[in-house]
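Dear colleague,

Please find below the structure that I am handing over to you. A summary of the findings follows it.

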Amino acid sequence: MLKKGVALLLALTMALGLAACGNSKSGTNAPADPQPAQEANAGEDALAAEQPAPDGAVIYQGDQEPVKVGFIGWGYTDGLGMGYQRALDYAAPICGFEVEYATYSTYDEIITSAENLIQAGCKVVMTTKASTSLMDLCEQNEVYMAQWGSPIDDPELAEYLAKSPYWVGCSTVDDYDAGYQCVENLYENGCRNIALIGTGAGNYCHDLRFTGMYDAAKTHDDLKILGEFRSASLQSEGAAAVQNFCALYPELDGIVASGASNGILELVIQTLDTEGRSDVKFATLDIQPGTDEYLEEGSLSFIGGGQYLEVMFLAIDAVKIVDGAYEGNTQLDTKFIYITGADDYDLYVQYIDNEGVYPYSPEELQSVTYRCNPEMKFEDLYGMWNSYTLDSIVAKNQ
C-alpha cells in the first residue's frame, strides 16, 4: 500500500507540473510555405506572429520567451522535408520554441543560411551537415549548433565540436539497419538476384545504408547482387540505370533504392512498368506520397520511414541546453518505422503520419521538455525516442 501511495503522489506531482505549461497560446510556427532565412526580418519580435497550436494542445506557458530555432533543410515540398517541418511546427508551441526555416542546395550554402538565421535572432542552428567553420560561426555569435540526420562521421571533427560549449549533439536513425532490412525483405519475398541504386558515394547516411545492404546479402549464399548504380544526379540518370539493369540481367527480380525522396519512388516503379518488369520487387526508404497505392498494388514490397520526428526531439534537447540544463554532448538514436504491406501503412497513417495526427501527445512532449518539467533528464528524452516503433505507437494510442 505504501508503494502505491508513493506512486500516486509522484503521478500527481508530475500532472501538476505539466499543468503549469498549459492554458496560454504563446510561440510561433513557420509559414506553410517556408521562406529562406535571408528573407526574414532580423528585427522582428519573437512573439509578433502568433499562430494557433494543434487542436487540443497544451501550450507552453512560462516567464521565458520562446527560443528561436533555425532549421536548415534541403527543402520542404517533398514527403520527408514536409515531415520535418510538420514535426517542428507541432512541437514548437507545446515546448516553448519557434522555428525559422532556411534551405540549401550545396553544403557551401549552409554557412550562408546559418548566417542569415543568426541575423534573424536564432539561438539554435540545426544543420544536416556540421563543420568546423559552422561551429566557429555559431560560437562567435553565442548560438548553439546541432546536427540532425546522422552522427558525426569524422573523428577529428567530432573532437573539435566536443570542445565547443555551443555544440549540442546530433540525432540519427539507424541507416545501416535500414539498408539491411531492405535486402532481408526482398530475400524473404523470394528475390535472389537484385540490383542496388542510390545517391552518390560520400553521403554518410546512404553509405551506411549500402553497407547494410551488402552485409545482409553476405548472409545468404544464394543471393546475388548483380550490380550497383550510384549518382548525385539520380533523378535524371536513375531511369536509364533501371533500364540497363533490366536489359542486362533478365534474371533480375529485386531492386533496392537507398532513398525514395525527390521522385525516386515513382521513377523506379514507373520505369519497371514501362520495361514490362512489374514482376521485379522493390524496397526503399523515406516514405513518399503514393506509398499506399504502390503497396496496395504490390509494386512496392518494403519501405522504411517516419524518421522525420527526430528533429522534434533534437530541438527539445537544444532548447534545454539554451535554458541552462547542459548534460554534455548528446546523440539521439532510433530506427526507421518498417512497413511491409498495406495493413502496416494504414496503421502508420492512422497513428503517425497524417494531417492532424501526431504519435506523441502534448503532455508526453512536455514531460521531456526542461522548461515544462525541470526534473527531466536526457535519458528520459532519449528513452522516448529510442523506443519508437510502429507497434509501440499503436499500442499506446489505441
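Does Tyr 358 count as buried, partly exposed or exposed, and what is its relative accessibility? Tyr 358 counts as partly exposed, at 26% relative accessibility. Please note that the model is a predicted one.

As to the overall picture, the protein chain has 398 residues, of which 54% count as buried. Its secondary structure consists of 15 helices and 12 strands. Of the contacts between residues at least 6 apart in sequence, 75% join residues at least 24 apart. The chain exposes about 17,400 Å², and carbon and sulfur atoms supply 48% of this area.

The aromatic residues deserve a separate paragraph. There are 20 aromatic pairs in the structure. One of them is the stacked pair of Phe 71 and Trp 148, at 5.0 Å centre to centre with 20° between the planes. Phe 71 belongs to strand β1 and Trp 148 to the loop between β4 and α5, so this pair ties together parts that are 77 residues apart in sequence. Phe 71 is buried, with a relative accessible area of 0%, and Trp 148 also counts as buried, at 2%.

Tyr 90 and Tyr 358 are likewise stacked, because their ring centres are 3.7 Å apart and their planes lie at 5°. Here helix α2, which holds Tyr 90, is linked to the loop between α12 and α13, which holds Tyr 358; the two residues are 268 apart. Tyr 90 counts as buried, at 5% relative accessibility.

Finally, the charged end of Arg 230 sits over the ring of Phe 210, 4.1 Å from its centre.

With kind regards

Definitions and conventions: Residues numbered from 1 in each chain as written. Predicted model: local features only at pLDDT ≥ 70, side-chain atom pairs only at ≥ 80, totals over all residues. Heavy atoms only, no water. Helix = DSSP H or I, 4+ residues; strand = E, 2+ residues; numbered from the N terminus. Buried < 20%, exposed > 50% of the residue type's maximum accessible area, 1.4 Å probe, protein only. Contact = heavy atoms within 4.5 Å. Areas by Shrake-Rupley, 256 points an atom, 1.4 Å probe, with all protein chains shown as cover. Phe/Tyr/Trp six-rings, centres within 6.5 Å; stacked < 30°, edge-to-face > 60°. Lys NZ or Arg CZ within 6 Å of the ring centre and 35° of its normal.
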